[in-house]
Structure formats: C-alpha cells, structure tokens
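This briefing sets out selected features of the structure shown below.

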Amino acid sequence: MIAIKNVTKKFPSTTALDNISLEIKEKEFFGLLGPNGAGKSTLMNILIGYLDADEGEVSINGQKMNTVAFALRKKIGLVPQSLALYDEITAKENLEIFGSLYGLDKKDLRYIIADKLKMVGLFDRKKDKVKTFSGGMKRRLNLAASLLHNPEIILCDEPTVGIDPQSRNAIFDYLQSLNDEGKTIIYTTHYMEEAERLCSRIAIIDFGHIISVGTLGELLQKLDYKQTISIIKNPFTEKYLSLFSSFGEIIDEQDKYELQPSDGLILSDFFRKVEEKGISYTFINFSKPTLEALFLHLTGRSLRD
Amino acid sequence: MTNILNLIKKDYRLFWNDKVAVALTFLVPAALILVFGSIFGGSGGGDASGIRLAFINQSNSKIARKIESTLDTTKTFQMIKSFTDDKGNEVPFDTNSIKEYIINGSASSALVIPKDAYTDTSFGLKLRFFYNPRNQLEMQIVQGLLQQTIMTQIPEIFNQSMMRRSEEYLGTEKGGMFNRRMASVISEYFGVDTSEILKQGFQSFENDSTAEDTSSSKAASQFFKDIVRLDSEQLVGKEINNPGATRSVGGWAMMFLLFSITASAASLFDERNSGVTLRILSAPVSRTDILWSKYLYNISLGVIQLLVLFFMGYLFFNINIFSNFGNLLLVIILSSAAATAFGMVLAAFSKTTAQANGLGTFLILMMSTIGGAWFPTFFLPPFIQILSKFTIVYWSVEGFLQVLWNGDGFIEILPTIGMLIGIGMVINAISFWRFRRGDIF
C-alpha cells in the first residue's frame with residue numbers, strides 16, 4: 001500500500017503540493033486527474049524518490065520513500081512524461097543501459113529485453129536507432145524501459161502524450177493487462193477519457209490540492225444531475241446556443257456541447273423547443289455526465305484551461 | 001519588401017533574445033582582439049616585458065658596465081644576477097651556476113659578458129648567450145630584443161671606441177685625418193653633414209640606400225649587428241627530434257580536450273531535458289553516482305584523447321613520447337582531471353546546453369590565448385601574465401614541456417602537477433557546491 005500523508009512541496013515560485021493525503025491500495029489502477037500544472041508530476045517525482053517532500057511523508061508498504069531510499073526504488077517503475085531515451089542508439093542498447101541500472105544479470109537481461117520488446121511490438125526494430133522511430137513507437141519503448149526490473153508498482157506520468165490513437169490503445173491494453181497480473185498502477189493524466197477508461201479509483205487534483213477521490217461512480221454522484229445532453233457541434237446548432245443554455249449550463253468541448261440540465265428540467269419542453277427550431281434529433285444525445293463536467297463543477301474551470 | 005523587413009526584424013529579435021549568441025558574436029571576438037591587440041602593439045600593453053634573463057657581468061670595461069646598467073633599467077628584461085643555494089643563501093652567478101639555472105628551467109635564457117668581452121685590443125664586443133629553446137619563438141625574440149636593447153642604448157660609446165682605435169693604430173694626427181676623411185666619404189655618398197658624422201661617430205650609414213634615413217637608429221643597429229658577437233649555446237633540448245611539434249602539441253591538445261570535455265559535461269542538460277536523468281534517478285542510482293560517472297568518464301575520455309593526440313605526434317612528427325612516458329602519462333591524467341573539473345563547473349553554473357557551450361567556447365579561447373597554448377605567455381602584458389598562472393592550460397602546457405622538452409622527472413614536475421591538482425580541487429569544490437544548489441538534477 002502507498003500512503004501519502006500531509007505532503008507539501010514548495011518551489012521558489014509556487015506551492016506544487018499543499019498538504020496532500022492519499023492512500024493507494026495494492027493492485028489498484030489509480031488515476032490522478034488534473035490540468036497541466038496541477039501538481040501531478042511533482043507528486044510522481046516524490047513517489048519515485050526523485051524529490052523529497054518539504055513536509056509530510058510517503059511510505060510504500062510501510063517503508064519511507066525519499067531521495068536515498070534506493071532499495072525501495074527497485075519496486076517501482078517510472079514511465080516518464082517525456083521520452084526518456086537515447087535517440088542515437090538502438091532500442092536494444094537503450095534497454096540494456098536502463099536494465100543494467102537495476103543490477104540485472106546480463107544473461108537474464110537479454111531475455112527480459114526480448115520479452116519486453118515483443119510485448120510492445122518492437123522486437124523487429126530492436127537494432128534500429130530510436131531516432132528512426134515514430135512518436136508512438138518511442139512511447140511504447142519508453143514504457144518497456146520502465147518494466148525491465150519487473151516492478152510491483154508502475155508510475156505512469158502522462159504516458160500517452162502526443163501519440164496516435166492506435167499506439168494509445170496498445171498502451172492502455174498493456175497497462176490493463178499488467179494491472180490484471182497484480183501490478184499497482186498510478187496513472188496521471190489530464191484526459192478524462194483515459195481516467196474513465198482505465199482507473200478503478202481517481203483523485204482529482206488542482207493547484208496542489210486533492211479536490212475529490214473515489215471511483216468514477218462515486219465521483220459522478222457529486223454532480224446534481226445523472227444525465228448530460230450532448231449536442232453535436234456544427235454551424236446550425238451553434239446558432240441556438242442561447243436556446244440550449246436556457247435549459248442548463250453549456251460546456252464547450254472539442255466536438256460537442258454538453259448541456260448540464262438545470263434542476264427541474266422537463267424534457268418535453270426541451271424537445272418541443274428543439275422541434276420548433278427545426279433542429280434534427282440526430283444532433284442530440286443523452287449520456288452520463290463526465291469527469292470533465294465534475295471538474296468544472298468542482299473548480300469552475302475546464303480540465304484543459 | 002515589408003515581408004523581408006519583418007523577417008529581418010524577426011531574426012534580430014531571436015538573435016537578441018539568445019544571450020549566448022550575442023556574447024559569442026560580440027564579447028568573444030572583443031576579448032580576443034583586446035588580448036591580441038595588447039600583444040601586437042595595441043593600447044593594452046605593447047612590447048614584451050619582464051622577460052626573465054639570468055645575467056653575469058665578468059668584464060670591467062666601460063661598455064660592459066653601460067650594457068649592464070641599460071639592461072637593468074629596461075622594462076623588457078627582468079634581470080636575475082644570483083640564485084638561492086641549498087642553504088637559502090643568495091649566491092651571485094658564475095658561468096657554471098648560470099648554465100645550471102637555465103638547464104633546470106628557472107629561466108629560459110642567460111646573458112654572460114665575459115672578462116674579455118671588450119678590451120683595448122679587441123675590435124668587437126663579445127657576449128655569451130645560453131638558452132633553453134623550449135619555445136623557439138621566445139628565444140628568437142629574446143635574442144632580437146637583447147641586440148636591439150644593447151644597440152639602441154650604446155652606439156655612441158661603441159663608435160667612439162672605433163674612432164679611438166683608429167687613432168691608436170695610426171697616431172693622433174693620422175687617426176684624426178683618417179676619421180675626417182671617412183666622415184667626408186660618408187658625407188659625399190650619403191649626403192649628410194661631416195661635422196655631424198664626426199660628432200656621432202661612424203654609425204649607421206653602411207646599409208642605407210637613401211640619405212633621408214641616415215639618422216635612424218635602425219640603421220645603426222644594423223651596422224653594429226655584425227660587430228657585436230653573440231655566442232649562443234643551447235643548453236637543453238638538443239636531442240629533441242622535432243622541436244617545433246614538441247613545443248606546440250601540448251597546447252593544442254589541451255585546447256581541444258577542453259572543448260570535448262565541455263561538450264560532454266553539457267550533456268547533463270540534454271539528459272535532464274530528455275527526462276533520462278529522471279529515469280536514471282528512478283533506478284537505485286544517486287545523484288552522486290551520476291556526477292562521479294560523468295567525472296570519471298570525462299577524465300578517461302580526456303586521457304584517451306590526449307594519448308591519441310600525443311601518439312599521432314609520435315607517428316607524424318617523431319615526437320619522443322616514450323622516453324619519459326610515465327611522467328607524461330601523469331601530466332596527461334592530471335590535465336584531463338583539471339579539464340574535467342572545468343567542464344563540470346561550467347555545467348554547474350549554466351542553465352542550458354547552449355549556455356554551457358557558449359560560455360565554454362569563450363573561456364576556452366581565452367584560457368588558450370593567455371595560457372600559452374597558441375604563443376608564449378611572455379608576449380602578454382604583465383598583468384595578463386599573472387592571470388595566465390590561474391589557467392589550467394598554462395600549467396598543462398608547462399607540464400608537457402617539462403616532460404617532453406626538459407625530460408624532467410617526478411620531483412621536477414611536482415610543483416606543476418601540484419598546481420594542476422590544486423586548481424582542479426578548487427574548481428571541483430565549487431562545482432559540487434553549485435550542483436547541490438543548482439537545478440541540473
């Protein structure tokens with residue numbers, strides 16, 4: 001179990017974490033959802049022992065984690081946000097370098113590297129220089145490099161930033177299978193879809209504070225409504241935004257508007273108005289509210305702000 | 001046209017925001033121009049000065065005394081007339097001790113005015129010059145300066161001596177006539193006043209082709225060059241296979257070593273920016289491990305680089321690197337360690353790779369210039385010569401010359417390698433302190 005107790009971390013210009021407390025259970029797939037600059041990476045850096053907390057304490061299975069807890073680091077694998085690889089050498093050479101830091105036997109390491117490269121679909125490219133890889137391939141190699149020592153806990157710091165959907169799905173599937181095998185995974189993201197899809201429990205973090213923690217269902221219960229009306233974004237629907245906003249709060253998302261209905265919304269009234277304006281029903285969907293809506297509800301800001 | 005102007009404006013804005021590029025464009029050349037300007041006659045310094053010259057005057061002649069007093073007063077040379085013996089006593093030089101003084105590297109050159117330098121019966125002035133030409137250029141300049149100093153200060157005495165000798169040989173009356181006839185001939189061919197020639201003595205007309213130049217002291221120097229005999233004796237390095245290459249290999253090797261080590265130390269930034277440092281530190285690895293690995297890697301890389309460069313010197317220029325190889329290796333290792341300390345301190349104080357490389361280029365060029373990698377430090381103004389001794393390049397070049405040129409043993413090179421160790425330790429202490437406070441990790 002990972003226990004984070006009253007952790008505060010300050011930098012000269014900002015307080016990255018302000019008295020944070022969390023408990024993450026063994027074999028859990030735990031999500032840390034928050035916008036950029038919320039404090040997610042700082043918390044990950046404290047969890048891996050890269051930074052010391054100014055106040056408070058982090059312990060893993062009862063052992064205190066800090067910048068000198070080297071033995072404890074063997075239990076953890078970090079998938080960094082950046083592509084922490086050497087571009088000018090091959091995929092295999094990269095894994096040999098990072099694997100050697102864990103004191104793995106050379107012969108064992110050879111087998112492990114082959115296994116991990118197969119797992120992320122890069123075995124055939126093992127002798128190619130990393131600089132020739134696509135962004136998605138680098139991301140997969142970045143993940144493989146973190147798993148060579150078979151860690152019990154995997155810290156994924158936004159591991160899918162800037163990659164194609166195919167590689168993203170491959171990483172999701174692989175992380176899911178690792179979790180099924182019993183690995184504890186802590187996953188930071190500012191994409192609510194990722195947290196919703198992967199995580200059994202989620203903490204929402206903003207400005208160094210944990211705003212809310214729970215399962216997806218528990219979190220969404222904090223909203224006043226159980227359904228969201230999605231309106232597909234197009235020039236026609238955009239004309240009637242003021243009409244829609246008379247039924248609740250509108251959240252502008254990438255390809256749609258989400259209407260969070262006001263208390264006492266009468267659906268027949270809503271559809272009558274829509275019909276009067278000649279808006280096609282194909283533009284309107286009913287769905288469950290999202291974490292984005294919850295974040296907005298809790299902070300007054302969008303996750304992507 | 002507007003587009004072109006906007007794009008030019010854009011480039012200036014980007015350039016101005018890149019402080020390293022600005023510094024490299026203006027500061028580095030300005031600093032180098034300042035140093036070179038000082039050396040070659042600019043506003044900062046002028047001619048070489050303070051060159052250590054061991055000196056004995058064994059002659060009682062008036063000319064010898066005049067030369068001594070002239071040399072004593074000139075700023076060009078720092079005259080050394082005694083040495084400290086084993087008991088700590090100041091002992092005046094004799095011929096043997098002055099030679100020993102040059103051989104052991106305490107000074108590069110010595111001037112001896114022997115007993116018979118100038119007698120009543122001798123025609124010319126005879127001087128002895130002992131030297132250690134571990135820097136050929138320095139020796140040539142010292143000899144030139146020595147002759148110039150003597151010639152420009154004492155021609156009238158010498159000319160009077162010549163006139164006196166003609167009178168001694170021919171008698172006062174005939175000698176006087178001879179001198180007047182000589183002056184008349186000179187006057188006829190060179191178009192100057194006879195009384196002026198007699199007043200000045202027979203100086204300076206021999207090699208001049210135009211009457212306008214007759215009064216110049218340059219011509220006087222040329223005339224006397226043949227009369228003053230400087231018997232030179234090389235005391236050290238006669239057995240060196242390729243003196244030129246042996247002298248220069250150390251300085252150039254050090255400059256390139258500093259460049260490569262600085263680039264390597266700056267890779268700490270690349271690793272930090274790419275996230276590799278974080279990945280490494282998420283393994284059971286400490287920051288101290290990373291620093292030590294960088295130190296040892298850079299030192300070993302530097303040793304390999306220097307060995308390769310010296311080996312190439314052996315292959316292509318026949319530089320004898322094997323006769324004193326143990327001590328050469330010691331200087332190589334310590335030079336490499338000191339250069340590594342320099343690279344690491346740059347990394348510790350810089351914030352980006354570009355900053356480290358830019359600052360590094362500036363400092364390396366400056367250190368190479370004032371440290372003696374490109375030309376001897378005696379060219380430099382005195383205050384820069386003092387600064388030279390604070391550079392790694394100076395002590396490395398000294399060490400390489402001691403080992404390769406003088407064939408010095410461990411005891412002899414101890415002060416030099418001690419300086420390299422000292423400078424390296426001070427820089428290391430600063431960089432460790434800075435690494436602990438900095439944000440490279």
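In chain A, strands β9(A) and β10(A) make a hairpin in which two residues separate the strands, and A:Phe207 in the turn has a positive phi of about 50 degrees. The structure is a predicted model.

- Strand β9 (residues 201-206) and strand β10 (residues 209-214) of chain A run antiparallel and are joined by five bridges.
- Within this pairing, the residue of β10(A) that stands opposite A:Ile204 is A:Ser212.

**Loop residues of chain A with positive phi**

- A:Lys27 is a residue other than glycine with a positive phi, near 65 degrees.
- The loop that holds A:Lys27 runs between β2 (14-24) and β3 (29-33) of chain A.
- A:Lys27 counts as partly exposed because it has 14 C-beta neighbours inside 10 Å, whereas a buried residue needs 20 or more.
- A:Asn150, which is not a glycine either, has a positive phi of about 50 degrees.
- A:Asn150 is placed in the loop between α5 (135-145) and β7 (153-157) of chain A.
- The number of C-beta neighbours inside 10 Å is 13 for A:Asn150, so this residue counts as partly exposed.

**Overall make-up of the two chains**

- Chain A contains 12 helices and 14 strands, and its C-alpha atoms fill a box of roughly 75 × 45 × 35 Å along the principal axes.
- Chain A has 305 residues, of which 40% count as buried.
- Among the contacts in chain A with a separation of 6 or more, 68% are between residues 24 or more positions apart.
- Chain B contains 16 helices and seven strands.
- Chain B has 441 residues, of which 37% count as buried.
- For chain B, residues 24 or more positions apart account for 72% of the contacts with a separation of 6 or more.

**Contact between chains A and B**

- Chain A gives 17 residues to the contact, and chain B gives 12 residues.
- On the side of chain A that touches chain B, the elements giving two or more residues are α2 (70-73) and β6 (76-79) of chain A.
- The largest share of that side, three residues, is supplied by α2(A).
- By residue class, the side of chain A that touches chain B has 13 nonpolar, two polar and two charged residues.

**Nonpolar cores**

- The largest nonpolar core has 86 residues, and those touching the most other members are B:Ala54, B:Ile98, B:Ala110, B:Ala338, B:Phe342 and B:Ile392.
- The element that gives the most to this core is helix α12 (residues 325-349) of chain B, with 14 residues.
- Beyond its neighbours within four places in sequence, B:Ile98 is in contact with B:Ala54, B:Ile56, B:Phe93, B:Ala110, B:Val112 and B:Phe130.
- A second, separate core has 82 residues, including A:Leu47, A:Ala53, A:Leu117 and B:Leu281.

- In helix α4 (residues 95-103) of chain B, the residues B:Ile98, B:Tyr101 and B:Ile102 are buried.
- Viewed down the axis of α4(B), the buried residues fall within an arc of 95 degrees and therefore line one face of the helix.
- An α-helix has 3.6 residues a turn, so residues three or four places apart point the same way.
- The packing partners of the buried residues of α4(B) are β1, β3 (82-84), β5 (109-113) and β6 (125-131) of chain B.
- After α4(B) comes B:Gly105, with a positive phi near 85 degrees.
- Helix α1 (residues 2-17) of chain B, with 16 residues, reaches 22 Å from its first C-alpha to its last, close to the 22 Å expected at 1.5 Å a residue.
- The number of buried residues in α1(B) is zero of 16, so this helix lies largely in the open.

**B:Arg52 in strand β1 of chain B**

- B:Arg52 belongs to strand β1 (residues 51-57) of chain B.
- B:Arg52 counts as partly exposed because it has 16 C-beta neighbours inside 10 Å.
- Apart from its neighbours within four places in sequence, B:Arg52 is in contact with B:Gln78, B:Ile80 and B:Ala107.
- B:Ser106 is 54 residues from B:Arg52 along the chain, and their C-alpha atoms are separated by 8.8 Å.

Note on methods
Residues numbered from 1 in each chain as written. Chains lettered and ligands numbered in written order. Predicted model: local features only at pLDDT ≥ 70, side-chain atom pairs only at ≥ 80, totals over all residues. Contact = placed C-beta atoms within 7 Å. Helix = DSSP H or I, 4+ residues; strand = E, 2+ residues; numbered from the N terminus. Nonpolar A, V, L, I, M, F, W, Y, C, P; charged D, E, K, R; others polar. Buried ≥ 20, exposed ≤ 12 C-beta atoms within 10 Å, placed from the backbone. Core = buried A, V, L, I, M, F, W, Y, C linked by C-beta atoms within 7 Å. Expected span 1.5 Å × (residues − 1). Arc of directions from axis to C-beta. Pairing = 2+ DSSP bridges.
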